[in-house]
There are 2 protein chains.
Amino acid sequence: MKTSIATVSTSGELPEKLEAIARAGFDGVEVFENDFLAFDGSPADVGRMVRDHGLEITLFQPFRDFEGMPEPLRSRTFDRAERKFDVMQQLATELILVCSNVSSAALGGIDRAAADFHELGERAAKRGLKVGYEALAWGKHINDHRDAWEIVRRADHPNVGLILDSFHTLSRKVDINSIRSIPKEKLFMVQLADAPLIDMDLLYWSRHFRNMPGEGDLPVAAFAAAVADTGYDGYFSLEIFNDQFRGGSTRSIATDGHRSLIYLADQVRRARAVPDLSIQPMPPRAIVNGIAFVEFSADEEEAADLVRMLETLGFQKEAVHRSKDVSLYRQGDIRLIINTDRHGFAGSSFAIHGTSAYALALVVDDATNALERAVALDAEPFCQPVVPGEVEIPAIRGVGGGVIYLIDDKSNLGRFSEIDFLPVEDETEVVSAHLLHIDHVAQTVAYDEMPTWLLFYTAIFEAQKTPMVDIIDPAGVVRSQVVENASGLLRITLNGAENRRTLAGHFMAETFGSGVQHLAFHTDDIFATAASLRQNGFKPLAISPNYYDDLEARFGLDTQLSDRLKAENILYDRDEHGEYFQLYSPTFGEGFFFEIVQRRGYAGYGAANAIFRIAAQKKHLRPDGMPKA
Amino acid sequence: MKTSIATVSTSGELPEKLEAIARAGFDGVEVFENDFLAFDGSPADVGRMVRDHGLEITLFQPFRDFEGMPEPLRSRTFDRAERKFDVMQQLATELILVCSNVSSAALGGIDRAAADFHELGERAAKRGLKVGYEALAWGKHINDHRDAWEIVRRADHPNVGLILDSFHTLSRKVDINSIRSIPKEKLFMVQLADAPLIDMDLLYWSRHFRNMPGEGDLPVAAFAAAVADTGYDGYFSLEIFNDQFRGGSTRSIATDGHRSLIYLADQVRRARAVPDLSIQPMPPRAIVNGIAFVEFSADEEEAADLVRMLETLGFQKEAVHRSKDVSLYRQGDIRLIINTDRHGFAGSSFAIHGTSAYALALVVDDATNALERAVALDAEPFCQPVVPGEVEIPAIRGVGGGVIYLIDDKSNLGRFSEIDFLPVEDETEVVSAHLLHIDHVAQTVAYDEMPTWLLFYTAIFEAQKTPMVDIIDPAGVVRSQVVENASGLLRITLNGAENRRTLAGHFMAETFGSGVQHLAFHTDDIFATAASLRQNGFKPLAISPNYYDDLEARFGLDTQLSDRLKAENILYDRDEHGEYFQLYSPTFGEGFFFEIVQRRGYAGYGAANAIFRIAAQKKHLRPDGMPKA
């Protein structure tokens, strides 16, 4: 599959855009006219600059309000086209995108439009150029690719073809099967964009909400598979308008875009009965069967505080590393590693982020395959020199520059911990809190980066994303979206912070985006856990009593249960599948914390309780109740 | 008119919200349940805290999913209501808001709903409480206030009444005349919210886009006038959900809200035939007949640079102040004052913002009235000690803490400049550039603050706001909206910057929000002006040649005209009313600049050209073409 992206999709000035697009691995680029007009070089200079980056100009766009015009507008429109043909010849590109007419002057009538395109095709042919026609979802007469195709068919000119755009087709819910009957040689270009499912005016939706395939909710992979079924072997090109992207990092938008196309190609390859030789095969999405361990980097002083908190949570030291200042704490299937080594990656992570959970180890079905897939999807492999005899674990870089280790039965934790670690006897008097495994990991990122990481996780790992929910912090909205798999063994909640005054934003700013803001442990008996925690001297986050009065009214809880929840500061939620209990630790450092949850069939994450948890935490951070500066 | 606001409308924690609401001048507050639940004090504490701020609790809300439930849900819902009645008695508030049922379990049927409300009324009456029913625009069965009113009518209970919300009524385009037939004693509360006109899912629109009356596009004043016609003399209460507000400054949201209600009351008073004694009269919106002068604060070094630029623009020094280091430059009706006095307000403005256009003098129909109205609308009056004999001009604080002087025929500029200034003879050799008056003033603010200033200008001055347009900067979107009056003598373009990498955002960050980023002067002959400027040694901002090739194609300009535009670096636009020509100066300091425009009937501001202007300016700021960090 050949990949392309429109220059309008990224932020930055033209040279910056082209560099980022080339570096991300695209084969071609659509030159968006305004980017070119604002640039201070001739068309020939721009063409040369594009090719110097190893890119092909896949098309020049947009040419607006062309077909079906009455005279004298019609003649003027053809003159205008000739001027653009001049530019294209200087740019040295052969295809122009004509989008369906939105002018109130447009007359309509497909034969009239076909005749206009035939004439335009004649004029283009004289110069060796080609014309592609695209139906805008809000075109005045033509807003459906089936109508645009009928016009192209009747124009009956070898230099006139159809351009498809997934947004325009899918936003109008046009049957994608209609694509399968279009001859591939008449498909001059296929543009792709996704969008979140929000019912709104199509033009506003398109201009402000488009995103990369896989970042939204539209069936873009099914659309691309229908295109592939025609035998089309041209470019798939991203055309994304999005306010967030316009203000984002040029380079990461380009990287996300390339990743989205590679992932899409893989989905298309798997969806089709016939092997598609134009698409490079890669291993399937990795199945995650749990979190083997979480590793913290810390200095010795903060490590001691962290260990004290872990002890109140019922953790005990199980082993120490043979060659490094690294300890392994354990309870049930939960393994937490504390790394105070000043050398290596943990040390440099500490230098940037301070004490933080900088590495997650995921148990996958096949670690080698998972790494291969991740790298194919533009993830950065992570390698750390190992001391001879130590196990090297396949790994990639994740959120906040942290590390995701990939572990399987072949390179399993047993072997890893036997080889690298020496067992120790922890003599601290600690009562087990019945914590069984990690329920979920919560990562905080800048709101702008949420699509990046949702795409990252769902492209590499077999997992789905849940719909976005708004978490109300007194200082602003935090958006939350979850990546989870069917088994529930991978659950990552991603929280997007827009300003640094929210609890999430404060954590992000103060830790320079370390990523993991909280770990949630699972128990089968929240009250037994609470009793053990009390014995260990754990002080739970204190929740407002008003919360419990409402809980009783809201869920019709019996007084005995609500009194018990209140006494233990346990939050409660219920959905159609069952009940949920949540208990929080105080915050540690700049806003890191632990959570303990019990699920009785419940599928969510207690989003409705977040406002009460945040209010309690904010009080905890500053005893005077005033917001932090 | 009694004013109230729901706690959910502002950012912050409950104590912070209440303080800001009281300080802004509201009479009452709706306690939004989550704000109360998250707070760590008893209901009685909260009630006391509200009253200690001099505020009344106007209602407690929301009570959801009440009417039309099947058993056993129905009984549970009544139990839940009783628990909320307990809370209300402790809070010491009498009214609860019940919003129409959105539960899939709700059965519908207005008689069933009426019977439920009758019973709830009976229960409320026993405790001296009242129930208000509000139709949500997305209610399952009831989504129109006319249906909610029919239920209240049939419930036929003195403790059950109707609550209206302008958003729910206007978003569904329900005829507001239907309000005029509701007896005022059955209207228990009237909530107000506005919203920009974007066609989208009602719930999404409501949750994310609501804003203060006058900040959006809904006919909220007509809605409130219909309410007033019933004889309703209760609270008008703001209920605004808006992501931007949630992250904004608690205090300025409360101030904007209060201003919006005062302005609304004035509109209602004027709209009604019968004098409304509950509304304090104020002078009408001030009519602006021009900009008398713009005053810059600068230090001597930068003032010299500024003067050099003004001279190339054809300005000459006309007078100097009698007692301060202040000079007046003039061309046509344009007066620019340069104040290098280190004392007084100009000096302190310079200390904060650096060289900037910190004061605008507006010529109004009646300066005393304008000041009175502005102060009634919560504007901050500005007073500066004057030397005996000098004219004190009425003034208020505006964008960026700058000053807006209000001048009329009684306190006119002639008198002001005669008394305070001494004429001088400028011997610099300068050719007039035929600049006649100030066409518009462009102010840059943080995107969050745009609604604040749009409301400020349109509430105080007779002016309208235009729809928002997106200006594409390579580093992000800048939103632009114009405040203008019918005569065209007041034209202020407001640009909202979301990040500091855009040209507007850079200016805002580096000048600490000084406000005025550019001044546009009007000429009747752009080519004559360009010729004069050249004689004065003026170097216009250089525009990309590609722009002119497109212009010729786009507008079908003859080659002679487009060559002339290109030679002079003049930008061109056309709308249905006529033509527009724009010529820019280089930027000064951190991004301030001058523009010269000629309008031949054209009504806009050349938004389509902004991308080319910004690209050229960014290059000018950094010769290597790289974006500023």
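In this predicted model, the largest nonpolar core has 348 residues. Phe461(A) and Phe461(B) are the residues with the most contacts inside that core. Leaving aside residues up to four places away in sequence, Phe461(A) touches Arg285(A), Ala286(A), Val288(A), Leu362(A), Val364(A), Ile404(A), Leu406(A) and Leu490(A).

Burial can also be followed along a helix of chain A. The buried positions are Val220(A), Phe223(A), Ala224(A), Ala225(A), Ala226(A), Val227(A) and Ala228(A). Their cover includes strand 6 (160-165), helix 7 (166-171), strand 7 (187-192), strand 8 (235-238) and helix 11 (250-271), which belong to chain A. Just after helix 9 of chain A, Gly231(A) adopts a positive phi of about 90°.

In chain B, a helix pair can be described in detail. Two packed helices are described by the angle between their axes and the distance between the axes. For helix 11 (residues 250-271) and helix 16 (residues 450-460) of chain B, the angle is about 30° and the axes are 10 Å apart. Angles under 35 degrees count as roughly parallel, and helix 11 and helix 16 of chain B are therefore roughly parallel to each other. The crossing of helix 11 of chain B past helix 16 of chain B is left-handed.

From helix 11 of chain B, Asp256(B), Arg259(B), Ser260(B) and Tyr263(B) take part in the contact, meeting Thr452(B), Leu455(B), Phe456(B), Thr458(B) and Ala459(B) of helix 16 of chain B. The residues of this contact comprise 4 nonpolar, 3 polar and 2 charged.

Conventions
Residues are numbered from 1 along each chain as its sequence is written. Chains are lettered from A and ligands numbered from 1 in the order in which they are written. This is a predicted model: local features need pLDDT of at least 70, side-chain atom pairs count only at pLDDT 80 or more; totals for chains, interfaces and linings use all residues. Side-chain values use heavy atoms; hydrogens and water are left out. Axes are lines fitted to C-alpha atoms, for helices over the stretch in contact, and angles run from 0 to 180 degrees between N-to-C directions. Helices (H or I, at least four residues) and strands (E, at least two) are DSSP runs, numbered from the N terminus. Angles under 35 degrees count as roughly parallel, over 145 as roughly antiparallel, 65 to 115 as roughly perpendicular and the rest as oblique. A crossing is left-handed if the near helix is turned anticlockwise from the far one by less than a right angle, and right-handed if clockwise. Contact means heavy atoms within 4.5 Å. Ala, Val, Leu, Ile, Met, Phe, Trp, Tyr, Cys and Pro count as nonpolar, Asp, Glu, Lys and Arg as charged, and the others, Gly among them, as polar. A nonpolar core is a set of buried Ala, Val, Leu, Ile, Met, Phe, Trp, Tyr and Cys residues joined through side-chain atoms within 4.5 Å. Buried means under 20% relative accessible area, exposed over 50%, partly exposed in between (1.4 Å probe, protein chains only).
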